[in-house]
2 protein chains.
Amino acid sequence: MDMKFFEDRRTVRQYTDEPVTDAEIERMVRLASHAPTTGNMQLYSVIVTRDEDMKRQLAPMHFNQPTVEGCSVVLTFCADFNRFVRWCEVSDAAPGYSNFQSFMTAVIDTVIFTQQFCTIAEMSGYGCCYLGTTTYNAPQIAELLRLPRMVVPVTTLTLGHVAARPDDCGRLPASAVIHSERYQDYTPEAIREIYAEKESRDDSHRFVAENGKQTLAQVFTDVRYKREDNEHFSRIYRYFIETAGFPFPDKK
Amino acid sequence: MDMKFFEDRRTVRQYTDEPVTDAEIERMVRLASHAPTTGNMQLYSVIVTRDEDMKRQLAPMHFNQPTVEGCSVVLTFCADFNRFVRWCEVSDAAPGYSNFQSFMTAVIDTVIFTQQFCTIAEMSGYGCCYLGTTTYNAPQIAELLRLPRMVVPVTTLTLGHVAARPDDCGRLPASAVIHSERYQDYTPEAIREIYAEKESRDDSHRFVAENGKQTLAQVFTDVRYKREDNEHFSRIYRYFIETAGFPFPDKK
């Protein structure tokens, strides 16, 4: 295996009209399902949106990112305890999974599975794009996809044949995310050094200018990931998770 | 790329004494950091435990699973908004990430990164094992690893050179986790069919017998993932996440 694949991979948002077949999706799901999973419980499902009208309805739930209507299929990955609980029900077993810890277990299973699928799809020559908007508009997504109780949307991939491959968008140095034995907190000087390359990129300068900001971090705090949006969608996601059958515990 | 890797991979719990070098860990972290991440924010850190005394202290936090003391390194993967917030602080930007939605964003980033690391490690010939106990005993883990505010343990990998490769533990059929356009809920008959192969395995019969149960599902509900444990650890994890700087929103 040529490990260069891992640093050369790109998120792909633009696809040709050629479809990704159901047989290909099933092949890639089958391979991805061998990824690790808590107690081999496989607490996830994936909903495949291929129908154009369904994509049109999904699009606003992802803030009309063009990749939703422009892809071959949209794949919504859900934390799913429904299937497991139904197995308990036919097995004379009393499930105890209506709680926050079980939700988190299913979220971790789901994201492991999604990333394994993403790697398999990319290695198969397809392009993928994650949609982080899934946790924002989970209630509307769940209604459209008719998700039952104990099934919660966690993340989404758009999938298709690659039409355009973007340039590398850069990453922090590996040393910035590794801590030996204990977490070494960052001094202001260390932070400036870690983010120096990111801030010096041409596209970063463009983002700052286009948004009329002084620093790159302000583009994140004031434009892309704002406090009021985060707080608004926190309430919505929390309420949805609880009504979906995973009530949060009272405080200690 | 031979895609058979993905179905032949195994979780490995037994390792030789040969160490995995720091250079190798840095190489694999660097490759894995090219995995997708929300807004390219890379909201994760990994703490490397190599010191034998630190492993001994970590072991009970993972219920003394032998893989903790038996591996070359333990890698604790944490949702980390601390580094990003410190960057905001030196950039005259006001961060708005002390909320549940931001926590979930960082969790998803962290698990994507962890799974990419796991795949890279396995493709490099090493063995890995996820420890789901990380979300149970997060407070003790955080104290030992001196995690600051806004850094929350999400999952753990043990890593080493493979000493013993376990047999395939089987997976549900791919069709069981794929839904076309809308979620098709499972009838009792469909559930029995989906789980038939799993239930018929020799190791499943052994689990049921060893635990004095009637059905395989009861091994999960009554022994491995019990309601009272899930509820207990739900309270602990919720409380920890909130005190770590991600207060949960009030109900709608």
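How many residue pairs are in polar contact across the interface of chain A and chain B? The rule finds 80, both residues at pLDDT 80 or more; a polar contact is a pair of N or O atoms within 3.5 Å, where within protein one must be able to donate a hydrogen and the other to accept it, and residues adjacent in sequence count only if both atoms are side-chain atoms.

Some ground rules: this is a predicted model, where local features need pLDDT of at least 70, side-chain atom pairs count only at pLDDT 80 or more, and totals for chains, interfaces and linings use all residues. Residues are numbered from 1 along each chain as its sequence is written, chains are lettered from A and ligands numbered from 1 in the order in which they are written, and side-chain values use heavy atoms, leaving out hydrogens and water.

Now pick A:D185 and B:R86: their side chains form a salt bridge at 3.0 Å, N to O (a Lys or Arg side-chain nitrogen within 4 Å of an Asp or Glu carboxyl oxygen). Between chain A and chain B there are four salt bridges.

Next, select strand 3 of chain A, residues 73–80 (strands are DSSP E runs of at least two residues, numbered from the N terminus). Eight of its eight residues are buried, meaning under 20% relative accessible area with a 1.4 Å probe, protein chains only. A:V73 and A:L75 are among those on one side, A:V74 and A:T76 among those on the other. In a regular strand, side chains alternate between the two faces of the sheet.

Look for A:V73 opposite A:L159.

Note on methods. Buried < 20%, exposed > 50% of the residue type's maximum accessible area, 1.4 Å probe, protein only. Helix = DSSP H or I, 4+ residues; strand = E, 2+ residues; numbered from the N terminus. Pairing = 2+ DSSP bridges.
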